[in-house]
Amino acid sequence: MFGIPGKQAVTLTNEAVKQVVKLMNNKGHEGLRIGVKKGGCAGMEYTMEYVNSIEPTDEVIEQDGARVLIAPMAQMFLFGTEIDYEKSLLESSFKFNNPNVSEACGCGESIKFEGM
């Protein structure tokens, strides 16, 4: 685990908390796992998946009833990230405000980390 004692690896805005809780309650999931994988024009992409069981290697973040799990290989890339949920007339989605990102593509779906 990459962290500072007493500080969560990621934080969620109020809107993100509401959406994660809604998703958890809607299908009875244990939480939402976030990670990163190779892909996209900048080199890496965020991943999100429903979780029905918590793995011992997951970093578990609980905030106001919302549970987000960080996949083991993503922990060092996501430390310090704020997760938001934005709604507009055309779309609604989670947004990652990640201080570790050095570049992002124009579409906002693909990212690059410092030193990669």
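**Close-up views of the predicted model**

**View 1. E49 counts as partly exposed, with a relative accessibility of 42%.** Relative accessible area is taken with a 1.4 Å probe on protein chains only: under 20% is buried, over 50% is exposed, and values in between are partly exposed. The model is predicted, with local features requiring pLDDT of at least 70 and side-chain atom pairs counting only at pLDDT 80 or more, while totals for chains, interfaces and linings use all residues. Residues are numbered from 1 along each chain as its sequence is written, and side-chain values use heavy atoms, with hydrogens and water left out.

**View 2. R33 forms salt bridges with E49 and D58.** A salt bridge here is a side-chain nitrogen of Lys or Arg within 4 Å of a carboxyl oxygen of Asp or Glu; the structure holds five. The N to O distance between the side chains of E49 and R33 is 3.1 Å. R33 belongs to strand β2 (residues 31–38) and E49 to strand β3 (residues 44–51), so this pair ties together parts 16 residues apart in sequence. Helices (DSSP runs of H or I, at least four residues) and strands (runs of E, at least two) are numbered from the N terminus. R33 is buried at a relative accessible area of 13%. In its pairing with D58, the closest N and O atoms of the two residues are 2.7 Å apart. D58 sits in the loop between β3 and β4 (59–63), so its bridge to R33 in β2 ties together parts 25 residues apart in sequence. D58, like R33, is buried.

**View 3. E62 and R67 are joined by a salt bridge.** Their side chains meet at 3.1 Å, N to O. E62 is partly exposed, at 49% relative accessibility, whereas R67 is buried, at 19%. Salt bridges that share partners link E30, E62 and R67 into one network.

**View 4. Helix α1 covers residues 14–27.** Its 14 residues should span 20 Å at 1.5 Å a residue, and its end C-alpha atoms lie 21 Å apart, which agrees. The expected span is 1.5 Å times one less than the number of residues. A16, V17, Q19, V20, L23 and M24 are the buried residues of α1. K22 is also in the helix, but counts as exposed, at 55% relative accessibility. After α1 comes G28, which has a positive phi near 75 degrees.

**View 5. The largest nonpolar core has 24 residues.** Such a core is a set of buried Ala, Val, Leu, Ile, Met, Phe, Trp, Tyr and Cys residues joined through side-chain atoms within 4.5 Å. L12, V20, I70, I83 and F94 have the most contacts inside the core. Two or more residues are given to it by each of β1 (10–12), α1, β2, β5, α2 (75–78), β6 (81–87) and β7. α1 supplies the largest share, five residues. Contact means heavy atoms within 4.5 Å; with neighbours within four places in sequence left aside, the contacts of I83 are V10, T11, L12, T13, A16, I34, F94, K95 and F96.

**View 6. N98 lies in the loop between β7 (92–97) and β8 (101–104).** N98 is buried, at 10% relative accessibility. Its side chain reaches the backbone oxygen of F77 at 3.0 Å.

**View 7. D64 has a positive phi of about 50 degrees although it is not a glycine.** Most residues other than glycine have a negative phi. D64 is found in the loop between β4 and β5 and is exposed, at 63% relative accessibility.

**View 8. The chain contains two helices and nine strands.** Along the sequence they follow the pattern β-α-β-β-β-β-α-β-β-β-β. The chain has 116 residues, of which 41% count as buried. Mean pLDDT (the predictor's confidence in each residue, from 0 to 100) is 83 for the chain, and 78% of the residues score at least 70. Confidence is highest in strand β5 (residues 66–70), at a mean of 95, and lowest in strand β9 (residues 110–113), at 58.

Note on methods:
Polar contact = N/O pair within 3.5 Å; in protein donor to acceptor, adjacent residues only side chain to side chain.
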